[in-house]
Amino acid sequence: MTIHSGRLNALAWGLALLAFAWGGPATAAPASAFGPEVKVGEGKGGYVGALEIMPEHGKAGTPFTIKGEKLPPNQEFQLIWRTVNGRWKVTETEYKGREFVPADYLMGKVKSDAQGRFTASFTTPDDFGFEHDIVLQQGTRLMTQVAYTVDMTIDISPKSGPVGTPITFTVKGIGWRSLYNSWELLYDNNFTGWMSAVTTHGEARFTIPATGNVGDHILQVTHGALTFPYQNPEQNPAQGRPRFSFMFKVTPGAAVLPAAPELQAQKNVRRLPAPGDLVSAPHFSGVGEPVKVSGRGFEPGKTYKLNWTRVIGNRMTGQGWEDISLPVAEAKADASGRVEFGFKTPDDLGGTHGLWVENGKAKTIGTHFIKATALPLDVTKGPVGTKFTIHLKGVGWTETANIMHVVYDNSYNGYVCAFNSQGDVQIFVQATGAPGWHFIDLYPGIYKGTESDPNNFRIPQLTYAQDHPGEDLPAFHFAFEVTAAGQKQASASP
C-alpha cells in the first residue's frame, strides 16, 4: 500500500469517528422540546375519562394522535409526556451504577368539546425507548393516562466496502428500565461489545471496522443484561424486545487502515480537573510530552521544587494502594514572585495528578491530567503465529479507567489492567486468520462496582465516546497484515 492510500484510509476512519461524535443530522426533537418540565398530579378519587392513542407505538419522528373522551365538557387540560434523565453514579475512584430521575414535560394544553372529547396530534420525540406514560391532568389532579411505546431502531452505514471500512451504527430508542437498557453486538456470531445510552436519552453511536474475508458478514444486536447477549428473549417474561440483524458485504479493494497509533491520542479531553493555583499548560498530556507549570506569590529569587502526586499499589493483593509525592522539577521565582517549572510528563497512571510546591508554611497546589497514548506496533506483518506487541502508556487506575478490552477482528478476547504497572500496558498478541489485514481494537469499559443489574463489567463499551462513566477515555485501533506461510516478518521500525 502506498503512503498516499494510507493517508486516505486514515482520513476515512477520521471522518467516520467525527460523524458519530458530532451526532449527525437530527431526525426528531428531544422530549424536552415539548415544553417546560411540570409536576404530575395525583389521581384522587379514581380515573376520569379515557385516552386512546393511534398508533400505539412509533420510532422517533413518527406522528401520533391522542383522542380523549368521557371528560368534563368545555374544560382545559394538560397533556404530559413522562420520561427520565439518566446519569452515571461515580466517585473520583469508584463506580456505583446508574440512576434515572423522573422528568415530565408539558406536551400542550387541550380543551374538551361539549361532548367531553378532544383530539391532538404530536411527533414521537427522540427519547429513551419502549413504554412511556402520557398523562392527562387538570391542575394538580391526574385525570387519566395512556401508554405509548417508542420503537428502538438501528441503522448502519455503509453496508459494503473493503476490509477495514468504518461501519457506523446509529441507535435510537434504547430503554432505561432493567432488561431494556443494555444492548450488545455480535459480528459473525462473535461477541464484540456492549452499547449504553444512560446520558444520551436512548441514543447510541459507535463505529467498528469491517473484518473478515470478501463476502457477506452478519451483524446482530440483541439484549444482554448479564454480561453477554441473551439468546432467547422471546421466551423471557420481559417480552417485546426486538432482535436486529444486518448484512455487511466486504468487497475487494485496498484495506482501509486506522491512523498511526501515535496519532490516535485525544486532542481534547472533557471533564478535566480544576487547575488550582498552580496551572499546567497544556492541562493534559501524554507520557513523555513537555509540560510547563506556573504559579505566583512566591519569594523572588528563591528556588522551589515542584512535587508530583501518584497512586501506587493494586486491588488484587489485599495490600491496597497509597498516594505518594515525588519532585519532578526545580525552578527559581522571578522578581515578581512568579515561578515556572518545565518537565516531561512522568511515566505514570492516567487520570488526575496533584501538583504542589511548599511555599513557606503552606502549600500551593494544582492538578494535571495524563491521557492514554499508544505506541506503534513492533511488528506489522507476518504469517499466522507471528508475535507482536501492543504498547499503551497512561492508562488509568480507577474502577472506570483501569482496564482496556482487546477485540480481534470484532471478537472480544480479554481485558488488560494498568494499575499495578503504573499505567504501562503491554499486550503480547499472536497473529491469526487468513492472509490479509486483521484489526485489533482496544475499548474502555468498567472494571467493577456495586451495580448488579445490569452487569456490564469487564466487557468492551462501544459507546465509550458518548456515554462512558467517569473519565473521558479513548479507544485505540491497530491493523496487522497476515502473510502467507514462509514470508518474512516486518518490523515497524525503519
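Biologist: Is Trp-397 buried or exposed?
Modeller: This is a predicted model. Trp-397 has a relative accessibility of 12%. Buried means under 20%, so Trp-397 counts as buried.

Biologist: How is the ring of Trp-397 set against the ring of Trp-321: stacked, tilted or edge-to-face?
Modeller: The two ring centres are 5.8 Å apart. The planes stand at 70°. Planes over 60 degrees apart count as edge-to-face, so the pair of Trp-321 and Trp-397 is edge-to-face.

Biologist: How many residues apart are Trp-321 and Trp-397?
Modeller: Trp-321 belongs to strand S21 (residues 321-332). Trp-397 lies in the loop between strand S27 (387-393) and strand S28 (403-408). The pair links distant parts of the chain, and the separation is 76 residues.

Biologist: What does Trp-321 count as, at 41% relative accessibility?
Modeller: Buried needs a value under 20%, and exposed needs one over 50%. The 41% of Trp-321 lies in between, so Trp-321 counts as partly exposed.

Biologist: How many aromatic pairs does the structure hold?
Modeller: The pair of Trp-321 and Trp-397 is edge-to-face. Phe-34 and Trp-81 make a tilted pair, with centres 5.7 Å apart and planes at 50°. The number of aromatic pairs in the structure is 22.

Biologist: Why does the pair of Phe-34 and Trp-81 tie together separate parts, and how many residues apart are they in sequence?
Modeller: Phe-34 lies in the loop between helix H1 (3-22) and strand S1 (50-54). Trp-81 lies in strand S4 (residues 76-90). The pair therefore ties together parts whose separation in sequence is 47 residues.

Biologist: Which residue has its charged end over the ring of Tyr-447?
Modeller: Lys-363 lies over the face of Trp-356, at 4.0 Å from the ring centre. Over Tyr-447, the charged end sits 5.9 Å from the ring centre. That charged end belongs to Arg-458.

Biologist: How many residues has the largest nonpolar core?
Modeller: Phe-169, Val-171, Leu-185, Ile-208 and Leu-219 have the most contacts inside this core. Phe-169 is in contact with Leu-185, Ile-208 and Leu-219, among others. A second, separate core of 23 residues includes Tyr-408 and Val-425. The largest core has 48 residues.

Biologist: Which strands are the edges of the open sheet of five strands?
Modeller: The order in the sheet is S10-S16-S15-S12-S13, with mixed pairing. An edge strand pairs on one side only. The edges are strand S10 (160-161) and strand S13 (190-195).

Biologist: Which residue in S13 is the bridge partner of Leu-185?
Modeller: Strand S12 (residues 183-187) runs antiparallel to S15, with five bridges. In S15, Leu-185 stands opposite Val-221. Five bridges also join S12 to S13, again antiparallel. In S13, the partner of Leu-185 is Gly-193.

Biologist: Which residue in the turn between S12 and S13 has a positive phi?
Modeller: S12 and S13 form a hairpin with two residues between them. The phi is about 50°, and the residue is Asp-188.

Biologist: With which side chain does the side chain of Thr-211 make a polar contact?
Modeller: Thr-211 is found in the loop between strand S14 (204-209) and strand S15 (215-223). Thr-211 is buried, with a relative accessible area of 2%. The polar contact is 3.1 Å, and the partner is Asn-410.

Note on methods:
Residues are numbered from 1 along each chain as its sequence is written. This is a predicted model: local features need pLDDT of at least 70, side-chain atom pairs count only at pLDDT 80 or more; totals for chains, interfaces and linings use all residues. Side-chain values use heavy atoms; hydrogens and water are left out. Rings of Phe, Tyr and Trp (its six-membered ring) pair if their centres lie within 6.5 Å; planes under 30 degrees apart count as stacked, over 60 as edge-to-face and the rest as tilted. Helices (H or I, at least four residues) and strands (E, at least two) are DSSP runs, numbered from the N terminus. Buried means under 20% relative accessible area, exposed over 50%, partly exposed in between (1.4 Å probe, protein chains only). A charge sits over a ring if NZ of Lys or CZ of Arg is within 6 Å of the ring centre and within 35 degrees of the ring normal. A nonpolar core is a set of buried Ala, Val, Leu, Ile, Met, Phe, Trp, Tyr and Cys residues joined through side-chain atoms within 4.5 Å. Contact means heavy atoms within 4.5 Å. A polar contact is a pair of N or O atoms within 3.5 Å; within protein, one must be able to donate a hydrogen and the other to accept it, and residues adjacent in sequence count only if both atoms are side-chain atoms. Two strands pair if DSSP finds at least two bridges between them. Lists of a residue's contacts leave out its neighbours within four places in sequence.
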